[in-house]
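Look at the structure first, then read on.

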Amino acid sequence: MKKINCMIVDDEPIARDILQTYIQRVPELELVKSCRNATEAYEGLYGQQVDLIFLDIQMPVITGTEFMRSLRKPPLVTFTTAYSSYAVEGFELNSVDYLLKPITFERFYQAVQKVSERMAIKQIPPPEAEHQPDYLFIRQDNRLVRVEHDQILYIQAERDFSSVYLKETRLLAGMHLKLFEDLLPLKQFLRVHRSYIVNLKAIRAIKGNMIELENTEVPIGASNREELFQRLQL
């Protein structure tokens with residue numbers, strides 16, 4: 001199993017010690033550097049492979065979010081902070097997860113599973129343009145489940161998870177809705193609301209601001225309505 005090279009960036013010594021202890025308990029993680037601030041983190045990123053950063057947000061001089069925005073090609077990031085008010089900003093930066101201090105090992109391990117899922121998707125070789133796959137893989141416990149695109153009715157954001165509603169079941173995926181937008185084919189799927197992606201093939205009817213699917217309805221966001229109607233040629 002390939003190790004996930006990770007870095008800690010936090011100005012609090014106790015927080016760094018706790019994360020280091022947790023990392024040592026997870027076999028797939030390899031700590032390559034523990035940093036007190038963004039300056040040390042810049043140095044740590046130079047000349048070595050870093051797959052994941054456990055990044056504190058509230059740090060002096062350069063905050064965690066400022067540090068992440070400054071990176072041209074940032075590694076995967078899981079934010080760690082004592083302030084829940086930063087959650088929205090963290091997710092807007094497409095972080096893998098958002099850990100609120102004090103961090104329990106159970107919650108830390110859940111974040112690691114999300115990282116593993118994100119990395120597994122990244123490692124799937126990109127297809128040739130004329131042979132794009134009609135499926136994706138979603139991690140369920142300790143296995144990756146293949147899901148055909150045509151099986152998906154819609155996907156709903158659930159805070160830091162997403163619910164993938166299939167024709168016969170529902171899967172809970174440790175992925176943000178933005179990642180599904182990047183993975184799914186644009187010709188078949190569309191974000192119709194800030195919290196929903198819909199399979200255009202599964203639409204049965206549109207009534208007012210609601211999309212009728214099999215046994216359910218999904219709202220249409222005001223900013224998404226025009227694009228939806230264009231895609232459906234209405």
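Does D56 count as buried or exposed? The model is predicted, and in it D56 has a relative accessibility of 2%. Buried means under 20%, so D56 counts as buried.

## The annotated residue

An unreviewed UniProt entry places the feature "modified residue: 4-aspartylphosphate" at D56. D56 lies in strand β3, which covers residues 52–56.

Apart from neighbours within four places in sequence, D56 is in contact with V9, D10, D11, G64, T80, T81 and K101.

## The parallel sheet

Strands in a sheet pair through backbone hydrogen bonds, and the pairing is either parallel or antiparallel. Strand β3 belongs to an open sheet of five strands, in the order β2-β1-β3-β4-β5, with parallel pairing. At its edges are β2 (29–35) and β5 (97–100), each of which pairs on one side only. From one strand to the next, the twist averages 20°.

Within this sheet, β1 (residues 4–9) pairs with β3 in the parallel sense over four bridges. C6 stands opposite L52 in β3.

## The antiparallel sheet

Three strands form an open sheet with antiparallel pairing, in the order β13-β14-β15. Strands β13 (205–207) and β15 (216–219) each have a single partner strand, so one side of each is left without a neighbour in the sheet. Neighbouring strands here are turned by 30° against each other on average, direction ignored.

Strand β14 (residues 210–213) runs antiparallel to β15, and four bridges join the two. L213 stands opposite T216 in β15.

Note on methods
Residues numbered from 1 in each chain as written. Predicted model: local features only at pLDDT ≥ 70, side-chain atom pairs only at ≥ 80, totals over all residues. Heavy atoms only, no water. UniProt positions renumbered as here; feature names shortened; annotations may be inferred. Buried < 20%, exposed > 50% of the residue type's maximum accessible area, 1.4 Å probe, protein only. Contact = heavy atoms within 4.5 Å. Pairing = 2+ DSSP bridges. Axes fitted to C-alpha atoms, helices over the stretch in contact; angles between N-to-C directions.
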